[in-house]
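Dear colleague,

Please find below the structure I am handing over to you.

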Amino acid sequence: MSESRIPTRALHQWVTDLWLAAGSTAQEAQLTADHLVGANLSGHDSHGVGMIPRYVLAWQANELQLNQRVSVLQDAGSLLSLDGNRGMGQAVTAQAMEMAIARAREHGVCVMGLRQSHHLGRVGHWAEQATAAGMISIHFVNVLSKPIVAPHGGYDARYGTNPFTIGVPMDGEAPLVLDFATSAIALGKVRVAHNKGVPVAAGSLLDAQGGPTTDAAVMYPPAGTPQGALRPFGEHKGHVLAVMCELLGAAVTGGHTIRPETLRHEHAVWNNMLAIVFDPARLGTSTSFGHEVAAFADWMKSARLQPGQHGIHLPGEPERACRAARAQQIAIDAGTLAQLDDAAARVADARASAHPAPGPLSALARG
Ligand code: NAD
């Protein structure tokens, strides 16, 4: 399927205009554009602007609530329990992380629970907010949306792609960011493969009868026919990490775990997140830390490469390389572009604010 190139700055402005037209404040529209375009820039198209059609549906269904602030449910100093009030994840999570970072500055550590956020996107973005403030952060997240991942040993989907993330700041260097879905691949990557009409990696998907397949279409069956399922990454290891994301991300934060009784919405993707944010300088290891990381990275990268491999990377390096490559323009496949044009038309029709809705994104495409 063909791709179109959109200038990165124009794409950011288009996303900002879309949410202003839907009624977001200037700050919320900008945070949302920063985050979604930032995910495309980082190479994670699965969590970039391609999520907008789903967000617009959730907003039109009165599930996603614009312009929310987090509520404090429990405040024990270094432990903070927050409710995102079904707000735009890109805005309420920024606020929640800001509060957690401030507490970690004060107490050395903050354990922060955020429940009921709308889709909080690329979790690495939140780890980067913490690392920019000099903090290490560890995130466990569950996903309240239609179950799409089969537990190890089963083939009925029972949970979401529950991401796990760690960010580590590096003095004078780019941070280390481990950030992945606990499914073999993120659903958004299946969506992108489906839109492009290409197969997904072997070992990632099961069809509706539990057989292995590379056909992304099993996740988008015709109405009334059963859906396939994603597999957890790394066999039982991804499965048990996903279980911990479910329990720490949701059960501990006062959010809901995924079950038929907790899935009464239609379009929204709710996330619950536990974030552990701490100041590594308080461990008194600042001097040795940078040296140890650099020395270990050199040693690790000296391993001989397997045939066809081009290098050995630290967590976060692929995203950084991608940001440099996409700084000027971002490629969007035709299927996603058509869905974004449709989302813009729906926002225009809603006439929700005085801000004019942007025209179709495809009008900005260059070849
Ligand atoms: P992925 O499989 O691309 O893995 C990314 C991680 O692996 C990064 O830390 C990256 O730096 C590292 N990495 C990638 N290639 C590497 C290499 N060759 N060598 C060393 N390190 C390498 O990520 P994914 O599972 O597709 O997840 C994509 C995004 O989806 C993440 O940002 C995640 O937070 C997000 N997500 C969000 C939700 C949600 O509900 N909000 C759910 C699932 C996933």
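A backbone N or O atom of Val 123 lies 3.0 Å from an oxygen atom of the ligand, a polar contact being a pair of N or O atoms within 3.5 Å. At Val 177, a backbone N or O atom is 2.9 Å from a ligand oxygen atom. His 47 places a polar side-chain atom 3.1 Å from a nitrogen atom of the ligand. Taken alone, the ligand exposes 860 Å², of which the protein buries 78% (Shrake-Rupley areas, 1.4 Å probe).

This is a predicted model, in which local features need pLDDT of at least 70, side-chain atom pairs count only at pLDDT 80 or more, and totals for chains, interfaces and linings use all residues. Residues are numbered from 1 along each chain as its sequence is written, and side-chain values use heavy atoms, with hydrogens and water left out.

The ligand is surrounded by 22 residues (a heavy atom within 4 Å); the closest are Asp 179, Ala 181, Lys 189, Gly 316 and Glu 319. Ten residues of this shell are nonpolar, eight polar and four charged (Ala, Val, Leu, Ile, Met, Phe, Trp, Tyr, Cys and Pro count as nonpolar, Asp, Glu, Lys and Arg as charged, and the others, Gly among them, as polar). β7 (173-181) and α9 (317-326) each supply at least two shell residues (DSSP runs: helices H or I of at least four residues, strands E of at least two, numbered from the N terminus). The largest share, five residues, comes from β7.

Elsewhere, three strands form an open antiparallel sheet in the order β9-β8-β10 (pairing requires at least two DSSP bridges). Its edge strands are β9 (212-213) and β10 (229-230).

Yours sincerely

Definitions and conventions: A polar contact is a pair of N or O atoms within 3.5 Å; within protein, one must be able to donate a hydrogen and the other to accept it, and residues adjacent in sequence count only if both atoms are side-chain atoms.
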